[in-house]
Amino acid sequence: MIFYFTSTGNSLYAAKKFDNDLHSIPQEMKKEKRIYKAEQIGIVCPLFEFDLPVIVRDFIMNSEFETEYFYIVMTYGMHHGDCAARNAEVFEKSGRHIDYFNTVKMHDNALPVFDMDEQRRINPEKKVDEHLDAIKADLQTKKHYIQPASKEETDFYEGYKAHAIEYSPSNENPLYKVSDQCIGCGICTRVCPKGCIRIEDGRPVYDYSRCFGCMSCIHACPRKAIGYAALNEKNPNSRYRHPDIQLSEIISSNHQN
């Protein structure tokens, strides 16, 4: 049994490699009581700002899991910032034991930092399927493993934290902007895992009180009409979805209405 969250398809692609019993975290979060029982239970999700996405953390901390083997696999693009070691310790202190916590490097979809065209070019170098197969073998044998911290990743994470800028988006200080290319198709409303977007007068309107910046709306827009308002993008003309994941799958995973 795997619970997953995906914004551009990377984590869904990884989850499909590990198991066929897949459950969307945004859909599961609609349930008032969440009690799960299985021989193995896994979480597959992307790295957000060198940590678990808030929706995934909330799901883990506010659900009950009855299992012999609990694991987490996180997808990331360039640096993982020792997220496995840090979070395994946090969960252990909260009484939630993690038997296996690993990461896999995939296409980085962070638009303010990376050019999606360049990421596509270098993606074969990451040997994604090879790494996913190795993790699958670990899970099949119920290997106990927490990806260890390294000085390089710890230093990178500490540097990031020291220079990170706190940004709280609001209607007065929006995270995203919508250009005249918008045709009011509503795809952005259907991929948002928190139901933050509605269409008014043919244009998307954001509720930033629930938005956690997953970028699903930006990457899914067929007209590239949504972009960052507060940050510059490396390539505003390029967007990303995993080539083996359909838009309909992301909609089915995340749609809130």
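**Cores, helix packing and selected residues in a predicted model**

Aspartate 82 lies in the loop between S6 and H4; helices (H or I, at least four residues) and strands (E, at least two) are DSSP runs, numbered from the N terminus. This is a predicted model, in which local features need pLDDT of at least 70 and side-chain atom pairs count only at pLDDT 80 or more, while totals for chains, interfaces and linings use all residues. Residues are numbered from 1 along each chain as its sequence is written, and side-chain values use heavy atoms, with hydrogens and water left out.

Aspartate 82 is not a glycine, yet its phi is positive, at about 60°. Is aspartate 82 buried or exposed? With a relative accessible area of 4%, aspartate 82 is buried; the term means under 20% relative accessible area, with exposed over 50% and partly exposed in between (1.4 Å probe, protein chains only).

Cysteine 83 belongs to helix H4. Cysteine 83 also counts as buried, at 1% relative accessibility. Not counting residues up to four places away in sequence, cysteine 83 touches Leu47, Phe50, Met74, Phe101 and Thr103, where contact means heavy atoms within 4.5 Å. Asparagine 109 is 26 residues from cysteine 83 along the chain, and their C-alpha atoms are separated by 18 Å.

I turn now to the nonpolar cores. A nonpolar core is a set of buried Ala, Val, Leu, Ile, Met, Phe, Trp, Tyr and Cys residues joined through side-chain atoms within 4.5 Å. The largest one has 30 residues, and those with the most contacts inside it are Phe3, Phe5, Ile43, Val56 and Ile72. Which elements give two or more residues to this core? They are strand S4 (40-46), helix H3 (54-61), strand S6 (69-76) and helix H4 (83-93). A second, separate core has 25 residues, including Tyr13, Tyr69, Tyr100 and Ile187.

Next, helix packing. Two packed helices are described by the angle between their axes and the distance between the axes. For H3 and H4, the axes come within 12 Å and cross at roughly 30°. Here axes are lines fitted to C-alpha atoms, for helices over the stretch in contact, and angles run from 0 to 180 degrees between N-to-C directions. H3 is therefore roughly parallel to H4; angles under 35 degrees count as roughly parallel, over 145 as roughly antiparallel, 65 to 115 as roughly perpendicular and the rest as oblique. The H3 and H4 crossing is right-handed. A crossing has that hand if the near helix is turned clockwise from the far one by less than a right angle, and is left-handed if anticlockwise. On the H3 side the contact is made by Arg57, Ile60 and Met61, and on the H4 side by Asn87, Val90 and Phe91. By class, this contact of H3 with H4 has four nonpolar, one polar and one charged residues. In that scheme Ala, Val, Leu, Ile, Met, Phe, Trp, Tyr, Cys and Pro count as nonpolar, Asp, Glu, Lys and Arg as charged, and the others, Gly among them, as polar.

Helix H1 is my next subject.

The axes of H1 and H6 come within 9 Å and cross at roughly 45°. H1 is therefore oblique to H6. Their crossing is right-handed. Tyr13, Ala14, Lys17 and Phe18 of H1 make the contact with Asp129, Leu132, Ile135, Lys136 and Leu139 of H6. The residues of this contact of H1 with H6 divide into six nonpolar, no polar and three charged.

Finally, three further charged residues. Glutamate 28 is placed in helix H2 (residues 25-28), and its relative accessible area of 8% makes it buried. Beyond its neighbours within four places in sequence, glutamate 28 is in contact with Phe3, His23, Arg34, Tyr36 and Phe59. Lysine 142 lies in the loop between H6 and strand S8 (145-146), has a positive phi near 55°, and counts as partly exposed at 25% relative accessibility. Aspartate 244 sits in the loop between strand S12 (226-228) and H10, and is partly exposed, with a relative accessible area of 49%. Leaving aside its neighbours within four places in sequence, aspartate 244 is in contact with Tyr13 and Glu249.
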